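Here's a quick tour of a structure for you to follow along with. Keep the 3D view open and click on things as you read.

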Amino acid sequence: MPAVLRRLKRLGARGSHFGIVALFTVFAAFPFFWMVVTTFKRTPDLMNTKNNPFLFNQPPTLEHLRVLFFDTLYGRWLWNTAFVGVLVVAITLLLAVPAAYSLARLTGRGGEQLGIGIFLTYLVPPTILFIPLARVVSNLGLKDSLWSLILVYPSFTVPFCTWLLMGFFKAIPRDLEEAAMIDGYSRFGAFVKVVIPLSIAGILTVVIFSLTLVMQEFVYGMTFISFASQYTVSVGVPTFLVRGDVYFWGSLMAACFIASVPIAILYNFFVDRFIAGFTVGAVKG
Amino acid sequence: MTQKAMTTVETGTQVARAKTGRLTAILDSEIWLGRLMIAPAILYIVLLIGFPFLLALYYSLSDITIGSRTMSFVGLKQFKAVIQTPLFQQSLKNTLIFTFISQALVLVLGKVLALALLKNFRGKWLVRLLILLPWVAPISLGTIGWLWMLDSIYSVFNWILRAVGIFGPTTWPIWLGVPHLAMGSVIAVHVWRQLPLATVILLGGLSSIPHDLHDAAAVDGAGFWRHLFQITIPLVLPIMIVAVLFGMVFTFTDMIVIFVLTRGGPYDTTQVLASLAFFTGIMGGDLAEGAAISLFLFPVLVAAAFVFLRIARRAEVT
């Protein structure tokens, strides 16, 4: 009898574990699943409350995708986002890589404090800075220009990326650089020729992380830019496609899904390193 | 003539040699190289975070509007005026409700989910990918997905609840149009968005607990709850604090979910400080008042930074 009971108990535990995981997965992923379903449904099908929304009551259609790419500025917004993203990543690397190395190796004990100080500026949110920055941007003549975003976005990528890279550089054994310096490299030369090639994984993490932050940014984009053709995708879709009383749900959902999922899959490969940066070595426990 | 040319060339190379000498000296001196390499980042941060922050402080003490060319110093007048408006008080209250309820939910649910994900099972990588989606996808776009699912007529939730029989044929809840429902919806979407981050942070903490400890506890006959409260939670406490800290900061200063779902409505029952600052400062053009409102976000950041520093220091000592 006890053997049967134990087996029952184990089955129950497994069942409840499965149930919990399944419930959370559905909660997290359902909106994206729903975006896909909506994308391929005909509008009359979507707009009939008698229909079972989980079924295709009329044959699927690509009409919403056609509208999205040919009758709206969606393609342009994707391009704008990529343009801003690439330049912001470049600026971030140029500023954060040397700074992080300096904090990890060259500034000694004070470097740690300075590093934490830089990291804390990451906590100053756009919702405090956007009002003065709106004025600064318009005084610089950058209002309604993508360059305003390229100028401002590194303010939230640089602090975190510097912090993240600092951890990476610290993990590289000092001996390697010293050996390179004995071979005749300068300190800086050792950094370029030895440390950077060894930190490609860290640099890649920073690239992905910066790209996701650029894609997500909303407050600055909405504040600085009011020309529809200059929006990034995260601002263009909610402000320009959702306007007036007519919602083109099919196209909207397609727009959201296409811009969300590829970057999420990419990000998934780097998430562990990213979390290690967040938890400041509190993990050491 | 040729001689003169020769000497200029010579002095030229000498200067060049001296220059490279100084350059290599800098490149080899740790202190100078260190300063040189960190200077651009510091300069950028000072110009684009430090300076605007001071500007926000300055604006909040002035009467600047979006079109004005002059501004005069009015002291704490903006703050005094803002605090007294019912709209501000309501927004402050909403911000606190929004933050505390959503963070409490995120913490509890994140803990449950992290414990569930600690086990190995088939397809775990796919589950993890799906669970991370809400955090990684641009939040404004994910929220539009919810806008559609919470639509007043075509909401899929209404359909499901009606199909299951919980709703009668005449029940049509307007998720985003009734005060309490709207706040509930906004909180739910925010929990959806923040759960992945908290879960992954907590998971990192949980998997760093040495196995011996769990085994020892099992040998001593500790049950699930006892195990949870006397071993697991105390050991991941620093990490839990970090998760809560970031969650609090991101939630307290966030306006995206609310902007997309309700624009602060109905009747400002979901208006929070960040969205109020946006509507006042940018849409309404009153930069001074907007800046004053947004600065009420700052004390929370200071508190968060303080706790964060303490944890960082403790992690360093051990």
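Let's start where the two chains meet: 82 residues of chain A are in contact with 82 residues of chain B, where contact means that two C-beta atoms, placed from the backbone, lie within 7 Å. This is a predicted model, in which local features need pLDDT of at least 70 and side-chain atom pairs count only at pLDDT 80 or more, while totals for chains, interfaces and linings use all residues. Residues are numbered from 1 along each chain as its sequence is written, and chains are lettered from A, with ligands numbered from 1, in the order in which they are written.

**Where the chains meet**
- Helix H1 (residues 2-39) of chain A gives the largest share of the A side, 13 residues; helices here are DSSP runs (H or I, at least four residues), numbered from the N terminus.
- By class, that side of chain A has 59 nonpolar, 20 polar and three charged residues.
- For these classes, Ala, Val, Leu, Ile, Met, Phe, Trp, Tyr, Cys and Pro count as nonpolar, Asp, Glu, Lys and Arg as charged, and the others, Gly among them, as polar.

**The largest nonpolar core**
- This core has 166 residues, and A:Ala96, A:Ala100, A:Leu165 and A:Cys256 touch the most other members.
- A nonpolar core is a set of buried Ala, Val, Leu, Ile, Met, Phe, Trp, Tyr and Cys residues joined through C-beta atoms within 7 Å.
- Buried means 20 or more other C-beta atoms within 10 Å of a residue's own, exposed means 12 or fewer, and partly exposed is in between, with C-beta atoms placed from the backbone.
- Look at A:Leu165: leaving aside its neighbours within four places in sequence, A:Leu165 is in contact with A:Ala96, A:Val97, A:Ala100, A:Gly202 and A:Val206.

**A tucked-in helix: H13(A)**
- Seven of the nine residues of helix H13 (residues 233-241) of chain A are buried, so this helix is largely enclosed by the rest of the structure.
- Among those buried residues are A:Val233, A:Gly236 and A:Pro238.

**Two partners of H14(A)**
- The axes of H13(A) and H14(A) come within 11 Å and cross at roughly 170 degrees; axes are lines fitted to C-alpha atoms, for helices over the stretch in contact, and angles run from 0 to 180 degrees between N-to-C directions.
- H13(A) and H14(A) are therefore roughly antiparallel to each other.
- On the H13(A) side, the contact uses A:Val233, A:Val237 and A:Leu241.
- An α-helix has 3.6 residues a turn, so residues three or four places apart point the same way.
- Helix H3 (residues 63-71) of chain A packs against H14(A) at about 70 degrees, with the axes 8 Å apart.
- H3(A) and H14(A) are therefore roughly perpendicular to each other (under 35 degrees counts as roughly parallel, over 145 as roughly antiparallel, 65 to 115 as roughly perpendicular and the rest as oblique).

**Two loop residues to check out**
- A:Asp144 has a phi near 65 degrees, a positive value in a residue other than glycine, and sits in the loop between helix H6 (126-139) and helix H7 (146-152) of chain A.
- B:Arg263 also isn't glycine and has a positive phi, near 50 degrees; its place is in the loop between H11 and helix H12 (273-283) of chain B.
- Is B:Arg263 buried or partly exposed? B:Arg263 is partly exposed, with 15 other C-beta atoms within 10 Å.
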